[in-house]
Every structure is written in structure tokens, then in C-alpha cells.
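Colleague: I would like to go through this model with you, from its overall make-up down to single contacts. Could you take my questions one at a time?

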Amino acid sequence: MEYPWTILFIFISLALCFPAALLSTLIIEAYKRRFNREHLGAPAIFEDPNSLKRVPCPSIFDPAEKYMSLIVPAFNEEYRLQGALEETINYLQQRAAKDKSFSYEVIIIDDGSADGTKGIAFNFVRKYSVENVRVILLGRNHGKGEAIRKGMLHSRGEILLMLDADGATKITDLEKLENQIHAVVKKETSRDSSVRVSDIPITAFGSRAHLEEKALATRKWYRNFLMKGFHLVVLLTAGPGIRDTQCGFKMFTRSAARKLFINIRLKRWCFDVELVYLSKYFGIPMIEVSVNWSEIPGSKLSPQSILNMLWELALMSIGYKTGLWKIFN
């Protein structure tokens, strides 16, 4: 009679140990990330491939020098980056030719690529100069969230746009987000014309929510199940407000980017959810804007990515709810 009870005891012990070990791991990892400001003091440089001179990086705390910064994270994107950058820079040049007050920079963050991504990025610097196109090399892969954070912290724009390297969202749709931001600025500063757009914290989130019905009809049932489950976890973690948190097309005023990107801890897929959480914490207006989006072959999303997302959401929940993650103003 003792044998079955021994087996049952072992089974119950393992069942209790696993969640305890998982929780302990989450708390330890959250504790490790409690201070996330070391990057502010890290010396960062841009290299001009034409002169081989090093150009000191600006800081998000410096006054804006450009009207718009475009932040492009890239990890092993040698087959998709070239076309996306060509379309983007053609648009920017045409707009600058029509409007002399429009200035821009494109910052490409190579997140430890092992292919020809770096070479393609530097070719654009040679062609358009380090004044307009810059490359940050992270050395090893840190994750999309960390790559975007690095680009944001060293940008010069009044308005900052993050966009994916695959060109899935039409670049002209940035005007939709931009117009919405200006509408809010105009409303909030109607009595003070001296205030610049960079001074008012506002975020605009590109959204594919209007495409959801079509996507549900064409995706496999298990992918729909996983996405619905993920959206539920996001709702429980960050609360309602933004239907599509994961679209890679987001715009921030300089003051909003400063508040948000010195605080984010998540380094990979779920940093978008943390941006929503932090925007709510700071009371930063969030605008969700429908954008044109198309599926581009070569997506890096996988079942393992979903597990990583759930891990990061649990980490975020532990970090903020326990007070381990302090928020800096």
C-alpha cells in the first residue's frame, strides 16, 4: 500500500515545485532588470563609412535637430531591408523636396545580424550621407524591443516613427499618424503657439485591427486560438485601450519617447505591450490609427515566439506589481 502513496507524493511534490520554480525564476529575472538605465551612460557612436570618422550619438535628452526620425530594427534582413529602405527614403526625399522645412533621419539598428544586413545598411549611409542615414551596431542579438529602444534614445527628431524592416506597412501611412498627433497638439496648445510638437507627449499606434475579420478567415484555427489567447493575456496585463498592440508602426513625440524608452525593460516581442502600460501610467494620450498592411514572406514569428511573449508578459506583470520595476519620470 505504501508504493502508490509514494508515487502520489512524488507527483504532488513535482506539481508544486514546478510553478514555485517558475515563479522564483520570474522574480529573479525581474529583479535583475530593476535598474534599466545603464544604457544612458554607455558611449554610443555612429561611424561614417565614407570618411571612417566616428560621429558622436545625440541623446533623446538633447533638443531636436530634425523634424522626423525613422527607427528601423533589423535582424538578418538582407533580403527585405533593401526594398523597404528604398521605398522609405524615396518618399522622404520627395517630401523634403516639396517642403523645405521637412528634415529627416533614418536610423537602422543592426541587432546582431549574421548575414549581409550591415553591409546593406552602410551602403545607404554611403549613398545618402551619415547626416540622413545612420547605423547602430548592437554586436549581438538583443531583441527587437532593445534595438528600437537604442534607436529612440539616440535620435534627433521632433517626431519619432518605429517601423519594421520588411516594409509591411505603407510608408505614406505615417502621415495618418502624424496628422492625428498634430490634431491633438493643436487642441492642447490652442492658446500657446510657441509650444512645439516635440514638447507634448503623444503616441500614435498603427493598427491592423480593421483587418482582423479577414485574417481570422484565412489563418489556421490553431493560430487564431493562440492569437486570441495572447490578446486575452495582453488585456489582463496592460488593460484595454489599444486593440492591436503588436503592429510595428508606431509614432511618438520626442517628449513621449523620452518618458517611455528610458523605462522599458522588455527586450523582445512584448515591449509594445509595455509601451501601452507605461503610456497609461504617464497619462500619455494614445491614438490608434488604421494602416495599410500586407503580409511579407520571411516573418520570424514562431510558436517559440508565442512562448517568449507569454514569458515577457509574466515578467512585466511581476516587475510592476511587486514594485521591483521603478518608473522614472
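Predicted model: local features only at pLDDT ≥ 70, side-chain atom pairs only at ≥ 80, totals over all residues.

Colleague: Which residues touch the most other members of the largest nonpolar core?

Modeller: That core has 86 residues, and the members with the most contacts to other members are Val106 and Phe261. The largest share of this core, 7 residues, is supplied by helix H10, residues 303-321. Phe261 is also listed among the buried residues of H8.

Colleague: How many of the residues of helix H8 are buried?

Modeller: The buried residues of H8 are Arg254, Ser255, Ala256, Ala257, Leu260 and Phe261. What covers these residues includes helix H4 (144-153), strand E6 (157-162), strand E7 (203-207), strand E8 (250-253) and helix H9 (271-282). Helix H8, residues 254-261, is thus mostly covered, and its buried residues number 6 of 8.

Colleague: Is proline 49 buried or exposed?

Modeller: Proline 49 lies in the loop between strand E1 (45-47) and strand E2 (54-56). Leaving aside neighbours within four places in sequence, proline 49 is in contact with Phe122, Val125 and Arg126, and its C-alpha atom is separated by 6.3 Å from that of arginine 126, 77 residues away along the chain. Because its relative accessible area is 14%, against a limit of under 20%, proline 49 is buried.

Colleague: Which residues does arginine 156 join in a network of salt bridges that share partners?

Modeller: Arginine 156 forms a salt bridge with glutamate 65, the closest N and O atoms being 3.9 Å apart; arginine 156 lies in the loop between H4 and E6 and glutamate 65 in the loop between E2 and E3, so this pair ties together parts that are 91 residues apart in sequence. Arginine 156 counts as buried at 3% relative accessibility, whereas glutamate 65 counts as exposed at 53%. Arginine 156 also forms a salt bridge with glutamate 105, with closest N and O atoms 2.8 Å apart. Salt bridges with shared partners make one network of Glu65, Lys66, Glu105, Glu131 and Arg156.

Colleague: How far apart in sequence are the parts tied together by arginine 80 and aspartate 166?

Modeller: Arginine 80 forms a salt bridge with aspartate 166, and the closest N and O atoms are 3.7 Å apart. Arginine 80 lies in the loop between E3 and H2, while aspartate 166 lies in the loop between E6 and helix H5 (174-188), so the parts tied together are separated in sequence by 86 residues.

Colleague: What is the arrangement of the aromatic pair formed by tyrosine 320 and tryptophan 325?

Modeller: The count of aromatic pairs comes to 7. The rings of tyrosine 320 and tryptophan 325 are 5.2 Å apart, centre to centre, with 85 degrees between the planes. Both residues are buried. Because planes over 60 degrees apart fall into that class, the arrangement is edge-to-face.

Colleague: Over which ring does the charged end of arginine 208 sit?

Modeller: Apart from the ring pairs that link Tyr67, Phe102 and Tyr104 into a cluster, there is a case of a charge over a ring. The charged end of arginine 208 is 5.2 Å from the centre of the ring concerned, which belongs to tryptophan 293.

Key. Residues numbered from 1 in each chain as written. Heavy atoms only, no water. Core = buried A, V, L, I, M, F, W, Y, C linked by side-chain atoms within 4.5 Å. Buried < 20%, exposed > 50% of the residue type's maximum accessible area, 1.4 Å probe, protein only. Helix = DSSP H or I, 4+ residues; strand = E, 2+ residues; numbered from the N terminus. Contact = heavy atoms within 4.5 Å. Phe/Tyr/Trp six-rings, centres within 6.5 Å; stacked < 30°, edge-to-face > 60°. Lys NZ or Arg CZ within 6 Å of the ring centre and 35° of its normal. Salt bridge = Lys/Arg side-chain N within 4 Å of Asp/Glu carboxyl O.
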